[in-house]
Structure formats: structure tokens, C-alpha cells
Amino acid sequence: MSHAALDHLVVMAASLDEGLAWCEATLGVTPDAGGQHAFMGTHNRLLRISSPAFAGSYLEIIAVDPQGQAPSSHRRWFDMDDSALQAQVRSQGPLLTHWVARANGITQATEALRALGHAAGTPQAASRQMPRGLLAWQIGLRPDGQRLLQGLLPTLIEWGNQHPEANLADKGVALQRLQLLHPDAAALHTALQALGLGSHPALQVAHAPTPALAADLHTPKGPVQLRSPL
């Protein structure tokens with residue numbers, strides 16, 4: 001069995017300015033600077049949400065980089081090129097659309113999902129420069145950029161020597177619970193078990209007619225739930 005943990009939540013915004021304003025209004029804090037992903041044509045801002053339930057976790061606000069270039073050989077990650085998702089974000093504002101799990105051995109974890117019929121993509125090396133050095137990782141990417149099980153099955157990542165959460169300020173936001181709601185909850189739970197995530201008490205899978213992702217956070221504004229239909 002693989003051993004994975006929640007790494008970060010993904011909030012998609014139409015622009016980073018909108019994402020910044022959303023974070024300040026919704027969570028009561030300003031996210032830290034992130035960086036650019038030249039190979040994807042995206043950029044981000046980051047917020048530490050680590051807690052006893054989800055150690056080493058953060059929230060990523062991500063948007064298409066207007067100064068970047070779209071990939072020529074593949075689509076952007078996390079379904080960011082999907083026209084329906086783009087329209088949803090434009091009309092509703094920044095949305096919680098996905099989550100990423102860090103794997104201790106991304107190749108093994110990818111194969112575990114593939115054995116269950118979930119094509120999680122091929123681990124690819126990526127990096128970006130940070131003030132304290134190079135941030136490097138491997139991430140499971142599909143050429144079509146598609147999220148699995150409507151975004152409820154996580155994208156897999158394995159970090160190098162640095163992890164971004166270690167350099168983020170503690171601003172009083174902490175992830176308490178993540179709920180994964182899906183019509184085929186049994187298949188989702190089986191896949192999470194294969195990753196070693198099936199028995200996490202604060203990572204809850206439940207049946208629902210419509211897929212949805214809900215994150216309960218402690219914030220300076222009090223309890224906040226981010227909930228998005230997927």
C-alpha cells in the first residue's frame with residue numbers, strides 16, 4: 001500500500017488579483033507570494049493551512065498567467081482549460097476545485113490507482129525558483145489535464161528537498177476537515193485506501209447525488225467552509 005497525505009487544496013481564480021481579494025474577504029488574511037509555472041502558463045499565491053489533522057498543508061490560489069504561454073503539447077493541469085469550469089469561475093468567483101496528495105513514492109501510488117482503473121497520468125519533473133532556492137517536485141499529469149472523479153480523487157505529487165509550506169507564514173488559518181461527496185463514494189473510498197488515505201478521520205467520503213468538495217477551516221474570521229459543486 002502507498003502512503004500519502006493531503007498536501008494542498010486548489011482554488012481556481014479568473015485572475016490572481018481576484019484570488020487575492022477573495023482570500024482577504026473570505027478568510028480574513030492575505031496569501032503569501034507564490035510563483036510562476038512557465039511550463040503550464042499559470043501562476044499562484046499560497047496560504048499555510050497546516051493543522052494537527054493535516055500537517056504540512058497549504059492552500060494554492062491558482063490562475064492562468066496572462067504573461068505566460070499556454071502549453072503546446074498538453075492542456076493545463078487541474079482542468080484549468082475546461083471551458084465550463086472557466087465559465088463557472090468567472091460567474092461565481094474563485095472556487096475550491098481540487099486537492100493534491102503528496103505521495104511517498106509517486107510511481108507506486110500512480111500504479112496503485114491505475115490498477116483500479118484510474119489513469120492518474122505520468123509523473124513528470126517540475127520546478128520553479130524561490131528566494132531560498134529551487135523548489136522541485138514530481139507531479140502526476142495527464143495530457144488532457146483532467147481531474148479524476150470530478151476532482152475528488154487527488155492529483156499526486158512528490159516533493160524534493162524543499163516543501164513550500166515550510167516557508168509560509170502562520171496566519172491563523174487551519175484546515176479542520178475535508179469532505180469528498182460523490183455519487184460513487186465506494187469507488188472513491190477504495191482509491192483512497194489504495195493511497196493509504198482511507199482511514200483518515202478528518203478526510204471524509206460520503207455519497208451525494210452531485211459531486212462536491214467541502215473544506216472546513218478555522219480562520220481569523222471564525223469557522224469558514226469552502227464548498228464547491230464539481
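I looked up Gln150 and found it partly exposed, at 38% relative accessibility. The model is a predicted one, and I keep that in mind throughout. Gln150 sits in the loop between S7 and S8. Its phi is near 55°, a positive value in a residue other than glycine. I noted this because most residues other than glycine have a negative phi.

Asp79 is not a glycine either, and its phi is positive, about 60°. I place Asp79 in the loop between S4 and H2. Asp79 is buried, since its relative accessible area is 14% and the cut-off for buried is under 20%.

In which order do the eight strands lie in the open sheet? I read the order as S2-S3-S4-S1-S5-S8-S7-S6, with mixed pairing. The edges are strand S2 (32-37) and strand S6 (122-130). Each of these two has a single partner strand, so one side of each is left without a neighbour in the sheet. Neighbouring strands of the sheet are turned by 30° against each other on average, with direction ignored.

Strand S7 (residues 133-141) and strand S8 (residues 155-159) run antiparallel, and I count three bridges joining them. Ile139 has Ile157 in S8 as its bridge partner.

Which strands does helix H1 lie across? Helix H1 (residues 16-27) lies across strand S1 (4-12), strand S3 (42-48) and strand S4 (58-64). The helix runs at about 15° to S3. I then turned to helix H2 (residues 83-92), which packs on the sheet and touches S1 and strand S5 (95-103). The direction of H2 makes about 120° with that of S5.

Entry 6, aromatic rings. How many aromatic pairs does a search of the whole structure find? It finds three. One of them is Phe39 with Trp77, an edge-to-face pair at 5.4 Å centre to centre, with 75° between the planes. Phe39 lies in the loop between S2 and S3 and Trp77 in the loop between S4 and H2, so the pair ties together parts that are 38 residues apart in sequence. I checked accessibility next: Phe39 is partly exposed at 30%, whereas Trp77 is buried at 5%. Ring pairs also bring in Phe78, and Phe39, Trp77 and Phe78 make up a cluster.

Trp137 and Trp159 form a tilted pair, 5.4 Å centre to centre and 50° between the planes. The pair links distant parts of the chain, with Trp137 in strand S7 and Trp159 in strand S8, 22 residues apart. Trp137 is buried, with a relative accessible area of 6%. Trp159 is buried too, with 15%.

Asp65 lies in the loop between S4 and H2. I found Asp65 buried and without a salt bridge. Where is the nearest side chain of opposite charge? It belongs to Arg76, 8.5 Å away, while a salt bridge needs the charged atoms within 4 Å. Leaving aside neighbours within four places in sequence, I list Gln36, Gly41, Thr42 and His43 as the contacts of Asp65.

Methods:
Residues are numbered from 1 along each chain as its sequence is written. This is a predicted model: local features need pLDDT of at least 70, side-chain atom pairs count only at pLDDT 80 or more; totals for chains, interfaces and linings use all residues. Side-chain values use heavy atoms; hydrogens and water are left out. Two strands pair if DSSP finds at least two bridges between them. Helices (H or I, at least four residues) and strands (E, at least two) are DSSP runs, numbered from the N terminus. Axes are lines fitted to C-alpha atoms, for helices over the stretch in contact, and angles run from 0 to 180 degrees between N-to-C directions. Contact means heavy atoms within 4.5 Å. Rings of Phe, Tyr and Trp (its six-membered ring) pair if their centres lie within 6.5 Å; planes under 30 degrees apart count as stacked, over 60 as edge-to-face and the rest as tilted. Buried means under 20% relative accessible area, exposed over 50%, partly exposed in between (1.4 Å probe, protein chains only). Lys and Arg count as positive and Asp and Glu as negative; His and the chain ends are not counted.
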